Amino acid sequence: MTGVSPAVVSASKLGLTFQTNDGPVQALSNVDLTIGKGEFVSFIGPSGCGKTTLLRVIADLEKPTSGSISVNGMTPEQARQSRAYGYVFQAAALYPWRTIERNVALPLEIMGLSRAEQAARIKRTLDLVNLSGFEKKYPWQLSGGMQQRASIARALAFDADLLLMDEPFGALDEIVRDHLNEQLLELWERTNKTICFVTHSIPEAVYLSTRIVVMSPRPGRVSDVIESTLPKKRPLDIRETPEFLAIAARVRDGLRAGHSYDD
Amino acid sequence: MSSILSLSSITPRSWQGYAALVLLAGALLLWPLVSATPGYGMATTVLIFILLLVAIEADNFPPMIGVVLLFLGAHGAAWMLLAGITGNEGSARASFYLLLVAAWFLAWRCVTVLSSFRPTSRWASTALRLIIPAIFGAWILIIWEAVTRGAGIPFILLPPPSAIGARIVGSLPVLGADVRQTIFKAVIFGYVAGSSAGFLVAIAADRVPFLRRGLLPIGNMVSALPIIGVAPIMVMWFGFDWQSKAAVVIIMTFFPMLVNTVAGLAASGHMERDLMRTYASSYWQTLFKLRLPAAAPFIFNALKINSTLALIGAIVAEFFGTPVVGMGFRISTEVGRMNIDMVWAEIAVAALAGSVFYGVVALFERAVTFWHPSVRGG
């Protein structure tokens, strides 16, 4: 593929309706979105706004019921089959019978990499998330923050260009979360990956993203897209600058506009 | 008597000690121990009292020495009581039982002191973990022995453990042949075949939905078949030898494994399965790398249930026709010949074999499911 690289994710008029016992629920409606290579896009919104569902559609864990979506120029299913993305879940979901290094090796084993190649990649990705020295530990011997870092290492291990993260730091305390946010930014800068990041924290979304997609519920839809004007290099104290606060205020306004408080 | 003289200076430190002291006084009042002649010799009686008094006094020594004195006193006295009953069977008087209970209380005190020890070294804590249940088990045998022989309970109703032990030692070749026939042939083969079949069918049912809907109800029905009804039919189908018993064991072990494996395969979480999906993992990769490890606790549960079921199945099946060897055959024929000690010997061997079988499976379980919260402890 030469010339202009196509959008990593491109959705148009995307809709998804779940059939439940209480009737159909519109989880996504009319979502138009294009994510370019190297972007860090956050999806923010109240619960039920479809942000996780959208991420799962990109990952081919849910099938859309209307509209179209392509990932790396392919259907989501083809993209999944070609291992185009790494997915980080809300919980670490490490397998307790495997050590940290064997957990990171899991996708590599499935993809049939050689032992030597596996070892090299395990070492590299564990270095990347600062978990060197914990290779032989079992997940239940590590703290929640370290477990989540190991799960990020697992998503990075097979070197997909797209990283899908579903509230990865939602269950962690604020101190650990700040630290991991910083590390994630550093990692994004170094690897130049495209990251889609679901969160319900405004500061986290503003701090991390190049673009913030604000979503609102009933039906789940995109209500605003905010381009960040922050520089690529972001120390933690950028969060006290007027520029940061201005973007945060816009996100908050977007959330308020999309959310009906009358119920 | 020296024991009476020292009685005034004895000071127990526990309620078991006080109770033992009271029982000792009672035993002295209700003299003698047995109504028969020759009865207990004077030296033996005095020694029993001294041993018990030493054990009562033991709490006044440092704990390490005290526990040894307690152990030796209580069990020495019990041993002498049991040894002295020979020739006086069935003539024990209240005094005999009071002394026995006193010794039992002191053994109880011994276990209490042992339980309070907090050993630092590994081997000491292992030894402690073994010795406490050993003392407990020994006292079941001691009381059984003392009551059956002291009260002269008819042999047919309940033989004393010493007679059962003597029978085991005297019939080792017969017992060995029975174990070979029943356990090493019927049980092991049936257990392995039945458990494997249940496991493989569970995987097939997981893979093919129509099997799941069709097979599980039939499997359920098979498990409800009464073994008493099935065993004679299996003997007709597969002959008198161990093959028909193995068939009964297969029927009994198949269903627990099937149900547990099916439940275990559903035990992995949604997130873990989604994760495998994001890797575009194949059915078999997901099965071996996620679902079977997650099902391991369920599968081992079935293996443990089956280890006891298999033994019961094989022994009961032998009641319905067998060559002249086998544990079930021996039990049914020796009952008819009133050789109750042989029946008890078979029961003891079966209990031992069943425990070892279960223990081995449990050890494997600990090694394989070390990661499970129930094994790693939180």
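This is a predicted model: local features need pLDDT of at least 70, side-chain atom pairs count only at pLDDT 80 or more; totals for chains, interfaces and linings use all residues.
Local features need pLDDT of at least 70 and side-chain atom pairs count only at pLDDT 80 or more, while totals for chains, interfaces and linings use all residues. Residues are numbered from 1 along each chain as its sequence is written, and chains are lettered from A and ligands numbered from 1 in the order in which they are written.

**View 1. The open sheet of chain A.** Six strands of chain A make up an open sheet with mixed pairing, in the order 5-6-7-3-8-9. Helices (H or I, at least four residues) and strands (E, at least two) are DSSP runs, numbered from the N terminus; two strands pair if DSSP finds at least two bridges between them. Strand 5 (85-88) and strand 9 (221-227) of chain A each have a single partner strand, so one side of each lacks a neighbour in the sheet. Direction ignored, neighbouring strands of this sheet are turned by 15 degrees against each other on average.

**View 2. Strands 3 and 8 of chain A, with helix 1.** Strand 3 (residues 40-44) and strand 8 (residues 211-216) of chain A run parallel and are joined by four bridges. Opposite Val41(A) stands Arg211(A) in strand 8 of chain A. Helix 1 (residues 51-58) of chain A lies across strand 3, strand 6 (162-166), strand 7 (194-199) and strand 8 of chain A, and runs at about 150 degrees to strand 7 of chain A. Axes are lines fitted to C-alpha atoms, for helices over the stretch in contact, and angles run from 0 to 180 degrees between N-to-C directions.

**View 3. Helices 3 and 4 of chain A.** The axes of helix 3 (residues 100-110) and helix 4 (residues 115-128) of chain A are 10 Å apart, and the two helices pack at an angle of about 120 degrees. This makes helix 3 of chain A oblique to helix 4 of chain A (under 35 degrees counts as roughly parallel, over 145 as roughly antiparallel, 65 to 115 as roughly perpendicular and the rest as oblique). Glu101(A), Val104(A), Ala105(A) and Leu108(A) of helix 3 meet Gln118(A), Arg121(A), Ile122(A), Thr125(A) and Leu126(A) of helix 4; residues are in contact if their C-beta atoms, placed from the backbone, lie within 7 Å. By class, the residues of this contact are five nonpolar, two polar and two charged (Ala, Val, Leu, Ile, Met, Phe, Trp, Tyr, Cys and Pro count as nonpolar, Asp, Glu, Lys and Arg as charged, and the others, Gly among them, as polar).

**View 4. The contact between chains A and B.** Chain A gives 17 residues to the contact and chain B gives 15 residues. On the side of chain A that touches chain B, helix 2 (76-81) and helix 3 of chain A each supply at least two residues. Helix 3 of chain A provides the largest share, three residues. This side of chain A has 14 nonpolar, one polar and two charged residues.

**View 5. Helices 9 and 11 of chain B.** Helix 9 (residues 209-224) and helix 11 (residues 242-265) of chain B cross at roughly 140 degrees, and their axes come within 9 Å. The two helices are therefore oblique to each other. Gly219(B), Val222(B) and Ser223(B) of helix 9 make the contact with Ile251(B), Phe254(B), Phe255(B) and Leu258(B) of helix 11. The contact has five nonpolar, two polar and no charged residues.

How values were computed: Two residues are in contact if their C-beta atoms, placed from the backbone, lie within 7 Å.
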